[in-house]
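Thank you for sending this model for comment. My remarks are set out as numbered points, to be read alongside the coordinates.

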Amino acid sequence: MARPTSPIDSAIGSRNLLRTCPLCEAVCGLELTLDADDRVTAVRGDKQDPFSTGFLCPKGASFGRLDSDPDRLTAPMIRDRGSDTWRTASWDEAFDLIAERIPAIKSAHGNQAVALYLGNPNAHTVAGTLYAPAVIRALGTKNLFSASTADQMPKQLACGLLFGDPLAVPVPDLDRTGYLLMLGANPLESNGSVCTAPDFPGRLRALRERGGRLVVVDPRRTRTAAVADEHLFIRPGADAYLLFGIVHTLFAEGLTDIAVAANGVDQVRAAAADFPPDLVAERTGVPADTVRRLARELAAAPTAAVYARIGTCTAEFGTLTQWLVDVLNALTGNLDRPGGVMFATAAARGIVRTKPFRPGRWRSRVRQLPEAMGELPVATLVDEITTPGEGQVRALITVAGNPVLSAPSGPRLDKAFAGLEFMVSVDRYLNETTRHADVILPPPRPVQSPHYDFALLQFAVRNYARYSPPLVQLGAQPSEAAVYVRLGAAVSGQPHNPTADFDPLAAFDEFVIADTLQRAGFVQRRPDLLGTTTTEQRLDLMLRLGPYGAWNGGELSLQTLLDNPHGIDLGPLRPRLPGILRTASGKVELAPEVLLADIGRLRAGSAAAPADLVLIGRRHLRSNNSWMHNMDRLVGGTNRCTLQIHPDDIARLGLGDHAIVKSAAGSLTVPLEPTETIMPGVVSLPHGWGHAGSAQQVAAANPGVNANTLTDDSVLDIPSGNAVFNGIPVSLSPV
Ligand SMILES: Nc1nc2c(c(=O)[nH]1)N[C@H]1C(S)=C(S)[C@@H](COP(=O)(O)OP(=O)(O)OC[C@H]3O[C@@H](n4cnc5c(=O)[nH]c(N)nc54)[C@H](O)[C@@H]3O)O[C@H]1N2
Ligand SMILES: Nc1nc2c(c(=O)[nH]1)N[C@H]1C(S)=C(S)[C@@H](COP(=O)(O)OP(=O)(O)OC[C@H]3O[C@@H](n4cnc5c(=O)[nH]c(N)nc54)[C@H](O)[C@@H]3O)O[C@H]1N2
Ligand code: SF4
Ligand SMILES: [Mo]
């Protein structure tokens, strides 16, 4: 197979290689310099990448530091039961131990006794998309949890109900829109989410330069708000009221202009009738005239997009809010049109959903919370571990996750994990969660893994594809794909260690390839697939089956991507309705029952009697959830675990430098950061901190506190079961 070679630098043995950055959703192209010992010595943005065009943020620039972190695990670790003593083990030994313990627990207590938690980095790795299913299937447990229910599940549930497919999520057509209303997102720090857009800051600048308007709704005047035309403070958790007020005005003033075939318009109008701008103003703090003006502006703009992210998902009415976002996009004629919100056409295709999405097919054992997309809410993982009875969780596998710091009521989980019979973690660090494991299986370095963004390119603002082959040989370390597949085999009592004539990874891939080909109608003859590994062959298959693929009248295959290592531009987003719909009616369902039924909760919502002081979160440009606090260059300065608070609140409550924050779930002592950029009555603490005693040395020296000590796992967004991190009632007192 023809594979372009990389230019060799003048320095002997050092070379420049291309790779996609895996550290956030912006999928920037990187150009790395590796020395003769395969160490990453320099990182630049890849100017020839047609999507990211050289953009690089401080995290991407630290890719080499991360890669060479001395605290990164390089071999499997086994802990002596009941102690904190760890030893390294061989891969075969580690998997043998898992194969001895998990199947025994399953046969004594049933499949539900083993839970699985999949963390955020699975959205950024090939293994997360192609091989996590190997573990899921092998466990056969309903106790499947992931970071999705601490994140975007409300969006996926809303889209699943509106469009029949929870993966059909429209994104703002950022490069063409004339008006962007953004709620609860801060892409100047986060670089964007469920909206894959490298150089988000530059794209927002371009929007304003072409005469467009950017309005940001956030309880904090963020860096994104600072570059907007208008910033509106909103009371945390109140976004659904604001959006309902806008919908109300559109109907009241005859401004709706629906351009797609949709059911449920009358029900939406009737529901919105209960949320006139005056009531909305009371609940949100946004003046009634502003609510009306936003409606008129959205209706009058030549094109407009409403976009709402994590600040609005991880809130009491997350699903209603996400639903109303796309209701508004539909009512203003902006759903599925250039400059409005659109669906990406991703290049790689797996098995395509044919039936309408249906949530709530089963319920969690303890709290009877509904499943969505095969998962149960992470907020109830702790209940499933600590509540005795048939089906109690006794063993846990975490894959690329740190729920002790990332899930609500983290300290409860910390305690619960300590009481498990057996725990396995696939992770690059010994951290707050993995310290409870009996076995830790580390993934290879990112430069040893192939990269293709199966998940994130489904939410891209331009159609684009880029593949990065592994840049450095694996040596004795199995690929992350092999780790997942061997783990799946071990937990189901199958042969899990490779032998001279058995490779578990290849066997798994062969099975998937044969199955996919059969479903695609290749019954007679198996076509040749390109690739030096079976993983690459699967990518080749998915690209050929995909919408640009050689088997769909196009030309795209793995060879195309290997020939274009900077990535290829597949053009602007194109209208996809009605073809993308999977609803039973074949129309957009604007008024799903499940959501109408939740409106009563909104009417009676806590915003009706607002707490004196509420807590929200925030992100910092140089952080990444819980796991990049171990790089000295990224921590310190403004990236600190402080409680942002308005000076008026400090004075009103008679506080000094620090305060004790109390919620229904717990209390913390935190340093205060007075700032006029936050609304009075609101305080903000970032998550992902709380590294006291961590084996990660830099992180332990600057530990911060676990914000999820204060968040309460008993409060959820009901329809999705999503965790609530914003709008938590708290009280503050002097230390
Ligand atoms: N209070 C509060 N809590 C929150 C949030 C909030 O805004 N406020 N945000 C929520 C959100 S949006 C999310 S996505 C979740 C994240 O929740 P989690 O995914 O549980 O947490 P992370 O901190 O992302 O942990 C990722 C783990 O994966 C490991 N890791 C990194 N790269 C790899 C890899 O390539 N392979 C493997 N196997 N492991 C790897 C890291 O060492 C780390 O242990 O947190 C949620 N928690
Ligand atoms: N640098 C960096 N980048 C990241 C991450 C990171 O940890 N660090 N994490 C990644 C992950 S996992 C995700 S999910 C994305 C998230 O990406 P974004 O959604 O852009 O996340 P944030 O930067 O936390 O911005 C959320 C904003 O919501 C505001 N907010 C809080 N409560 C409310 C509310 O009730 N209503 C409204 N309207 N606003 C509210 C907060 O003040 C904050 O400014 O970022 C990703 N990128
Ligand atoms: S914006 Fe995200 S993808 Fe781009 S360099 Fe930074 S961390 Fe990497
Ligand atoms: Mo996230």
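Predicted model: local features only at pLDDT ≥ 70, side-chain atom pairs only at ≥ 80, totals over all residues.

1. On the domains, the protein chain is divided into domain 1, which comprises 175–343 + 585–600, and domain 2, which comprises 611–734. Taken over C-alpha atoms, the centres of domain 1 and domain 2 are separated by 27 Å. As for the contact between them, 24 residues of domain 1 touch 25 residues of domain 2.

2. The site of ligand 2 bears directly on this division, since its shell takes at least three residues from domain 1 and at least three from domain 2. There are 32 residues around ligand 2, of which Ser 190, Asp 218, Gly 237, Asp 239 and Ser 623 come nearest. Two helices, α7 (187–190) and α14 (310–313), each contribute at least two residues to the shell of ligand 2. Sorted by class, the shell of ligand 2 consists of 10 nonpolar, 14 polar and 8 charged residues.

3. The polar contacts of ligand 2 involve both side chains and backbone. An oxygen atom of ligand 2 lies 2.7 Å from a polar side-chain atom of Ser 190, and a nitrogen atom of ligand 2 lies 2.7 Å from an N or O atom in the side chain of Asp 239. With Ile 310 the backbone takes part, a polar backbone atom being 3.2 Å from an oxygen atom of ligand 2. Of the 920 Å² that ligand 2 exposes when taken alone, the protein buries 98%.

4. Ligand 1 is surrounded by 28 residues, the closest being Tyr 117, Asn 120, Ser 406, Asp 427 and Ser 626. The shell of ligand 1 divides into 12 nonpolar, 11 polar and 5 charged residues. Oxygen atoms of ligand 1 lie 2.6 Å from a polar side-chain atom of Asp 427 and 2.5 Å from an N or O atom in the side chain of Ser 626. A nitrogen atom of ligand 1 is 3.3 Å from a backbone N or O atom of Val 426. On its own ligand 1 has 930 Å² of accessible area, and the protein covers 96% of this.

5. Which residues lie around ligand 3? They are Cys 21, Leu 23, Cys 24, Ala 26, Val 27, Cys 28, Phe 55, Cys 57, Lys 59, Gly 60 and Asn 191. By class, the shell of ligand 3 has 8 nonpolar, 2 polar and 1 charged residues.

6. An open sheet of 7 strands, with mixed pairing, runs in the order β28-β21-β25-β22-β24-β23-β29. The edges are held by β28 (728–729) and β29 (731–734), each of which has a single partner strand, so one side of each is left without a neighbour in the sheet. Within the sheet, β22 (residues 643–645) and β25 (residues 682–684) run antiparallel and are joined by 2 bridges, and Gln 644 stands opposite Ser 684 in β25.

7. Finally, I would draw attention to Ala 261, which sits in the loop between α10 (239–252) and β12 (262–263). Ala 261 is 28 residues from Phe 233 in sequence, and their C-alpha atoms are 35 Å apart in space. Leaving aside residues up to four places away in sequence, Ala 261 touches Lys 587 and Val 588.

How values were computed:
Residues numbered from 1 in each chain as written. Chains lettered and ligands numbered in written order. Heavy atoms only, no water. Near = heavy atom within 4 Å. Polar contact = N/O pair within 3.5 Å; in protein donor to acceptor, adjacent residues only side chain to side chain. Areas by Shrake-Rupley, 256 points an atom, 1.4 Å probe, with all protein chains shown as cover. Helix = DSSP H or I, 4+ residues; strand = E, 2+ residues; numbered from the N terminus. Nonpolar A, V, L, I, M, F, W, Y, C, P; charged D, E, K, R; others polar. Domains from an automatic or database assignment. Pairing = 2+ DSSP bridges. Contact = heavy atoms within 4.5 Å.
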